[in-house]
Amino acid sequence: MDMDETTKEERIRPLDFVGTFSNRWSYGIAFGATANKVMFLFSENYQLLQVPQWAQAFVLLIGGIEVGLSHFPFFACLSSEFRLVSSILGFSYSLIWFAVTLYHITQCPHGQFVGRYEAIVFYWPSLLCLAFLLGRFLHTFVKSLRVRLGWELPMEEKPFLEVHQAEHVKKLLRKLPVQEKKKSWFQTRVYEWDPCFQFPSRMIGTTVLAFICLYLFIAIEFYMFVYVRDELDVFEGELESYLASVNRTGTLTPVILQVKELMSVAEGVWVVTILPASLTCVSYLFHILACYRKHMKRLWAGDKHFLPLKFHNPSSSESVVAIARYSGWQIAYILWGYLIIHVVQSLCGLAIMYGLVLPIIHKQGLEMLRGLGIGTITIAIILGLMILQIWIAASFFLQPKMGTADKQKPLALNNRKAFHNFNYFLFFYNVLLGLGACLSRLLISCILGTWLIARIDRTIVQSGYEGADMGYSAWIGMLYVDHYHTNPVLVSFCHILITGHRERRLQQAIKYWYLNQSAGPRISARSRTRWLLLQTLINNPRLVMLRKSRAGYGSQEFTPIPVMCLEC
């Protein structure tokens, strides 16, 4: 690919989803500015075209393209090489969006769905993101203007090898320290910052957009809860009127009182569980970033043991599609995961209320304690019998250790006759015990499955069926694309090849120039000047864009001149 094609490609590319490590937070905030449009696509109010139900997928596709086109200038201006022009255009476009959003908030602060201050609640994150982009483009404009006026040196060209990638390779080549530095509690238990690793812009943008969409989703859910609560209050008022009409002596009075109690308990539990459900999803977002770094480092080291066997050699085409799917799917998984986790936590809260709290309120604490004690003793006896079986097997039915350093006895039977009798008499008891174990397996699978539904980095299906988990497949494909294209060792190797090739070309050019210079009067001053110009442009390709063009010759049409042509 020549320089003209590369320049054209740089113009139309909004964002490199694979290898962009600069302006990461600017790209992330630009993604955050799209949050309202993304959430609008989730609602049923988005009806771009009147089509049959089976064609709704095409409508959503058109809607996604529409959102992308409306915010395309943000990313194009952030990634453009023409910083002065792109900063002016980006600032103007951000200012238009900021003014339109602010006008909408001031003119229509209240809405029909939420009521008072609906526009402020839903649009302040986007307004904040647009304000950040305004400051970003203004800073770029001032810096580019100072460079154009000659007050500052021009910014260096984007390096092929990033600094953190070079530091990672240097770290691999150093000897490990004899004694590692003592880590703090935060570094050991929570997170340890690694200067040799940076998250790509895609991960930062996904996290920022997921945070804002999660906030909007929680706000919508809360206002839906307020609407449902108001309707239930009206229904409760009607029930109270009925009780007053029958003087609380009707046959339905106990049922109505229980229904009123259920509505009151459900309202309180739903409100209380909003905070733990939201904190769970927020912690998942941070944990997913930590898992991304951990998995990428393992792949860089050639370790694939943490992956299922069928994902050791994934399909190349599926991996390419996966990196396009991951960001959108991660946000959708977080939103649906929050709703499912909230429902499950609310059900657990109802169980606690009806099992522990309400019996005490109704002065049935002793009966509750009696039932709780019986249940606890029953479970304790069952677990005790299971532990007793393990102890008997270890004490009587296994041969002694072969060495003093062995951690456990060898798997070799001892006292076989007693073992066969032990097996026979416990056979019928274990059939009954298996029924409870099966139910506990189902219960644990449901709880873990719903609790981890938002974790796209971990599969929730059994071993051997991981391919059915499309979210996990997208995660693995995304990891492989990043691994093959941003591996520091591979990028460093390519950097060495490119640098060596450039240096060899430069040495050959200098050598040929000295040979021609020693020939004397055959070389004119114009040829020597053009030769020095060629050498300067080879070493500084970006200067080609700044050359003045003559009639019929444009600076964009420059191609390196072969060395042998300079004799002409």
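Helices here are DSSP runs of H or I that hold at least four residues, numbered from the N terminus. The structure is a predicted model.

**Figure 1. Overview of the protein chain.** The protein chain has 18 helices and 0 strands. It holds 568 residues, of which 32% count as buried. Its accessible surface amounts to about 37300 Å², and carbon and sulfur atoms account for 66% of that area. Of the contacts between residues at least 6 apart in sequence, 72% join residues at least 24 apart.

**Figure 2. Nonpolar patch on the surface.** The patch is formed by I352, L356, V357, I361, L366, L369 and L372. Together these residues have about 650 Å² of accessible area. Two or more residues of the patch are given by each of the elements α13 (316–361) and α14 (365–396). Helix α13 supplies the largest share, 4 residues.

Figure 3. L372 lies in helix α14 and belongs to the nonpolar patch together with residues including L366 and L369. Its relative accessible area is 43%. Buried residues fall under 20% and exposed ones over 50%, so L372, at 43%, is classed as partly exposed.

**Figure 4. Buried side of helix α3.** Helix α3 spans residues 35–42, and its buried residues are A35, N36, V38 and M39. These four lie on the same side of α3 because they cover an arc of only 160° around the axis. The helices that the buried residues of α3 pack against are α2 (24–32), α7 (118–148), α10 (201–245) and α13.

Figure 5. D482 is found in α16, which covers residues 470–486. With a relative accessible area of 0%, D482 is buried, because the class takes in residues under 20%. The side chains of D482 and R202 make a polar contact at 2.3 Å. Leaving aside residues up to four places away in sequence, D482 touches V18, P200, R202, Y292, M296, I323 and N487.

How values were computed:
Residues numbered from 1 in each chain as written. Predicted model: local features only at pLDDT ≥ 70, side-chain atom pairs only at ≥ 80, totals over all residues. Heavy atoms only, no water. Patch = residues over 30% accessible without salt bridge, like charges linked within 9 Å, V, L, I, M, F, W, Y side chains within 5 Å. Areas by Shrake-Rupley, 256 points an atom, 1.4 Å probe, with all protein chains shown as cover. Salt bridge = Lys/Arg side-chain N within 4 Å of Asp/Glu carboxyl O. Buried < 20%, exposed > 50% of the residue type's maximum accessible area, 1.4 Å probe, protein only. Arc of directions from axis to C-beta. Contact = heavy atoms within 4.5 Å. Polar contact = N/O pair within 3.5 Å; in protein donor to acceptor, adjacent residues only side chain to side chain.
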